[in-house]
Amino acid sequence: MKKLILLSTIFILSIGCACKKSTVSALDIPKYMNSITAEELKTHLSIVASDEMEGRDTGTKGQKKAGNYLISQYKANKIPFPKGATNYYQNIPAAFLNAKRNENLNDSENIWAYIEGSEKPNEILVISAHYDHVGIKDGKIYNGADDDGSGTVALLEIAQAFAKAKKEGHGPKRSILFLHMTGEEHGLHGSRYYSENPLFPLANTVADINIDMIGRRDEAHANSNNYVYIIGSDYLSSDLYKICEEANQKYVHLNLDYKYNDRNDPNRFYYRSDHYNFAKNGIPSVFLFNGTHADYHKPTDKVEKIEFEALAKRAQLAFTTAWELANRESRPVIDKDGK
Ligand SMILES: [Zn+2]
């Protein structure tokens, strides 16, 4: 109990300091956080995880169609592609995608959008989610509404919230790169490609918040969807752990479940989504996840099974965590060895 009170006091003090140095106020956070709504998430997901996208397998027509939708949303919100890029795509050649597992994938693309920081534009916060899924098998479309349609649309809403804040004079101090990864289901290829071909130096990349499956609940939480698993936040940085905790305590009030943060957990989720390609390069990374369920990697992972209020709250936690990372005075300290 004492620890919790201490942490929230520190948080209030640190926000107080930030107020003096810029126009960004803690009072603004709920306003923008609440622009992330269950309704808008549902609108986006009903398109991204529709049959028309044919399960979004890497390099397929369906995936490209889903990618076009994402880009149309960034354009509608006037969120540009990043500085130094020529469009919203990071092209990944088939040779790279197929090298590891000897597969037969076509060329594919990560998709990126960018909000430039006002005070430390060269320091980059990455928020990531993969938009590929496993396609069509035996004539059945695997819509991947939770995996990872949920993270994909969360990213759209988080970007929109930051864009709204910027428009009203409360833009982030650091730059934010929104990265929709391809090739995750085939072996984290998109994030590996980005980490080997980063648009911004990895040394300037302050953290990655990765979102993969946040629209459902697992068996262990059958009685309540008011939770999210937090994985990896304390592996490299005690700051990142504290920032997630405080952002949650102050604004979102989910139960943060650290079960899968245990390095000995046999599921090894820490190694199984895109943040790992940042973490292995020493970048503090946190993975938000709802756990698996009966529809995981089944054609029944459909939009109608998504719990949109829970999805919104988890996306709001990613947003409030990102807000602090993008606006606090110093980047999160690296004081752990990741092991
Ligand atoms: Zn996934």
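Strand β7 and strand β10 (residues 285-289) run parallel and are joined by 4 bridges. Strands and helices here are DSSP runs numbered from the N terminus, with at least two residues (E) for a strand and at least four (H or I) for a helix, and two strands pair if DSSP finds at least two bridges between them. This is a predicted model, so to speak of a local feature takes pLDDT of at least 70, side-chain atom pairs count only at pLDDT 80 or more, and totals for chains, interfaces and linings use all residues. Residues are numbered from 1 along each chain as its sequence is written, and side-chain values use heavy atoms, leaving out hydrogens and water.

**The strands**

Strand β10 is largely enclosed by the rest of the structure, because 5 of its 5 residues are buried. In a regular strand, side chains alternate between the two faces of the sheet. In β10 both faces are covered: S285, F287 and F289 are buried on one side, V286 and L288 on the other.

**A closer look at N210**

N210 lies in β7, which spans residues 205-211, and counts as buried at 0% relative accessibility. Its side chain makes a polar contact with the side chain of S273 at 2.9 Å. A polar contact is a pair of N or O atoms within 3.5 Å; within protein, one must be able to donate a hydrogen and the other to accept it, and residues adjacent in sequence count only if both atoms are side-chain atoms. Leaving aside residues up to four places away in sequence, N210 touches (heavy atoms within 4.5 Å) several residues, including S128, H275, V286 and F287.

**Rings**

The structure holds 22 aromatic pairs. Rings of Phe, Tyr and Trp (its six-membered ring) pair if their centres lie within 6.5 Å; planes under 30 degrees apart count as stacked, over 60 as edge-to-face and the rest as tilted. Here are two of the pairs:

| Pair | Type | Centre to centre | Angle between planes |
|---|---|---|---|
| F81 and Y88 | edge-to-face | 5.4 Å | 85 degrees |
| Y271 and Y276 | edge-to-face | 5.1 Å | 65 degrees |

F81 is partly exposed at 30% relative accessible area, whereas Y88 is buried at 9%. Y271 is partly exposed at 32%, and Y276 is partly exposed too, at 25%.

Which residues form one aromatic cluster? They are Y227, Y229, Y260, F269, F287 and F289. Y227 also has R314 over its face, at 4.8 Å from the ring centre. Likewise, R263 lies over the face of Y235, 3.7 Å from the ring centre. A charge sits over a ring if NZ of Lys or CZ of Arg is within 6 Å of the ring centre and within 35 degrees of the ring normal.

Technical notes. Buried < 20%, exposed > 50% of the residue type's maximum accessible area, 1.4 Å probe, protein only.
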